[in-house]
Each structure stands twice: as structure tokens, then as C-alpha cells.
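Welcome, and please open the model in your viewer. We will hop from one selection to the next, with a short note on what to look for at each stop.

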Amino acid sequence: MTSRIIGTGSCLPETVVTNAYLSTIMDTSDEWISSRTGIRKRHLVKEETTASLSIEAGKKALAAAGVAAEELDMIIVGTLTGDYVTPSTACEVQAGLGAVNAVAFDINAACSGFLFGLHTVNAYIHSGMCRTALVIGAETLSKIMDWNDRSTCVLFGDGAGAAVIQADEKGLVTFDQGSDGEKGKYLACRDRTNNNPLVQSDKVLAYTHMDGQEVYKFAVTYVPASIQKVLGEAGLQPEDIKYYVLHQANLRIIQAVAKRLKVSMDKFPISLDHCGNVSAGSVPILLDEVNRKGILQKGDRIIMSGFGGGLTWGTCLLEW
Ligand code: COA
């Protein structure tokens, strides 16, 4: 027994922030950002929260799947920017959807969060502990950026994507996932101050910091290797895949992966031009965009791959 994606949805915040606007609040330019990353704009929250974006994306995915919220056994949200430390975003989603029969929890695997959630749900389904689940990747990264650090804050956006997963004989075929905690320092956010009275605290809020070149090297090495691994396990060649739905970190990373695999960029749909890097949200938002274009046929082979903070990576081969 495996599982199949039977519906997708996504939700982006209303406010669009262009590169041109960023160049009015920091020393940057549309030319620098778009030529190095492919990003032209991103959506950032004003009123929306990680939970509200997730609930909206989840509603759309349930409607597309024709599944009622009460039918869900499980909700997993991949996020590193939940609105609360507790309750989890997944519990907020459960309440927002009225998914009274679902167990709900978050996974923090940064940009691999949606893939880690998908793998977890598939394992539950395979074991018979779950039949229908909602997996969401959602972020409001704008709140953990240092808006004085132009080399990092221009890359990211906010948003949520969701998929309904159900037990089936066919669908998700094979997975690879991994973590390299030794490299965690290259993309980190300490975030909270320590309120323990026994510990001297500097009371300084910390924001995301990144060693862009190390993260770039990691991505262009580990992602093609992970994709080759799942292809090898399935006995397939890179050209047998219709679409590669990759984490939308940087166009140059995606081009490097395409080059390593020796496949055309036509097989790599792109959303980073209008969304930026939405961390755990990137893969499900892009999957939903591709799905809603109506270009996926039953049986199409798709590879999804997420990679980022941790450092972590996760790849899944599926038949649509
Ligand atoms: N606008 C204008 N100039 C900028 C800038 C910005 N937004 N950000 C950095 N610069 C400047 C730097 O200050 C530096 O100037 P200097 O040469 O005078 O010191 C110059 O541009 C080059 O900076 P550098 O960091 O070496 O650029 P780069 O070519 O490595 O590109 C990234 C930076 C972030 C685009 C690139 O490293 C990258 O894409 N890394 C992967 C990051 C990623 O995808 N992370 C998420 C993974 S989940």
C-alpha cells in the first residue's frame, strides 16, 4: 500500500513586494536580485498568518480532492514560522477546518518540510495507521528576516501550499531524505530570547543569517545526487520524468541541477519569479500551480525535491 496526491491548493498573501520596491528601502536593485536569483517579486503578509494561509490552502486542496474535513485522519504542517510555539500550526489548521478526527502536528525541516511531511504521512498510510491526510508547507518568513541584511532578505517570500494524500495502490513510488546537522550553521535563525532566570540573556532577538555560497554548494551537490538515487531505485532515467518540481530557492541552482541531470529546463516549472523562496511552501505552491494549469496527466512521473535549513533534503518520485 502506498498513497496518492488527490488534490492540491495554495494561498499567497495579498501584498506583492517587487524588487523595485525593495530598492527603495535598502541598497539593492532589480538588476542585482533578478540576475543572481531569477526572483522579481514575492508576496509578504500584512494581516495574514501562517495558520490563516495554511487553512485557506487546505480548504482549496480539500475542495479539489472532494474530501470533507471530517474525513482527515492526519494533518501535518511543514513550517519553521508557526504563529505560536504552541499550539502547532497543524492544530490551528485542524480547528480552522473543523477536521475533528485528525491528529495534527508540525514538522520543522525548513525548506524540506513539505517533503518530510509527505514521507511521514506515507509511512503512516503504509503501516495502516492513517488513510486520508492533509500535508501543508507554509511560511511567514518575513517575520524572521533581518531587513538590513540585503544578501538574505531579498530572497524570501510568504505563502502556503497543501496536498490531500490518500491510501492507494499507486502514487508515491520512492523517497530519499537526509540531514547534515554539521552544516546547520550555514542557514540558521536562533530567534527567541532565553527567559530562564538562571541564565544570563542578551535579550537580543536574532534573525535569519545565511552563508549563501555554502548553501549554494550544498544544493547543487546534494539535490542532483538525491534525485539520481530515487531514479536509480525506480530503474528510471532523468528523461523519463515529466516534471521536476524543485524547491524554488534560486534559478541558478535549478539550472545547475538540470545541467547535472542533462535534461531540459522545460521540465522544471518555476514559481520563484513571482513567489521568491517560500521555504516549506515552495514545493506545494508550485505543484498546485502546475496542477491547476491542467497539464498533468494520470500516470505522469514527477519528482519533487526540497532542500535547505538543517541542512536537510528530501526527494519523492510519484506517478500522478
Ligand atoms: N543587492 C545588491 N548587492 C548585494 C545584495 C543585494 N541584495 N546582496 C549582496 N550584495 C553584494 C554583496 O555585498 C557583495 O558586494 P561586495 O562584492 O562589494 O562585497 C556582492 O553583492 C556579491 O555578494 P555575494 O554574497 O558574493 O554574492 P553571490 O554571487 O554569492 O550571490 C546569493 C549571493 C545569495 C544570490 C548566492 O550565494 C545564492 O544564491 N546562494 C544560495 C542561497 C539560497 O538559495 N538559500 C536558500 C536555500 S533554501
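Across the whole structure, zero disulfides turn up (a disulfide is a pair of cysteine sulfur atoms within 2.5 Å).

A note before moving on: this is a predicted model, in which local features need pLDDT of at least 70 and side-chain atom pairs count only at pLDDT 80 or more, while totals for chains, interfaces and linings use all residues. Residues are numbered from 1 along each chain as its sequence is written, and side-chain values use heavy atoms, leaving out hydrogens and water.

Next, select the ligand. Which residues come nearest to it, of the 22 around it? They are Thr28, Arg150, Gly212, Gln213 and Asn250 (a residue counts as near if one of its heavy atoms lies within 4 Å). Zoom in on some polar contacts (pairs of N or O atoms within 3.5 Å; within protein, one must be able to donate a hydrogen and the other to accept it, and residues adjacent in sequence count only if both atoms are side-chain atoms):

- Arginine 150: a side-chain N or O atom is 2.9 Å from a ligand oxygen.
- Glycine 212: a backbone N or O atom lies 2.9 Å from a ligand nitrogen.
- Tryptophan 32: a polar side-chain atom is 3.2 Å from a ligand oxygen.

Now color helix α7, which supplies the largest share of the ligand's shell, four residues (helices are DSSP runs of H or I, at least four residues, and strands are runs of E, at least two, numbered from the N terminus).

Last stop: select helix α10, residues 282-292. How many of its eleven residues are buried? Eight are, leaving the helix mostly covered; among them are Val283, Ile285, Leu286 and Leu287. Just after α10, click on glycine 294, which takes a positive phi of about 75°.

How values were computed:
Buried means under 20% relative accessible area, exposed over 50%, partly exposed in between (1.4 Å probe, protein chains only).
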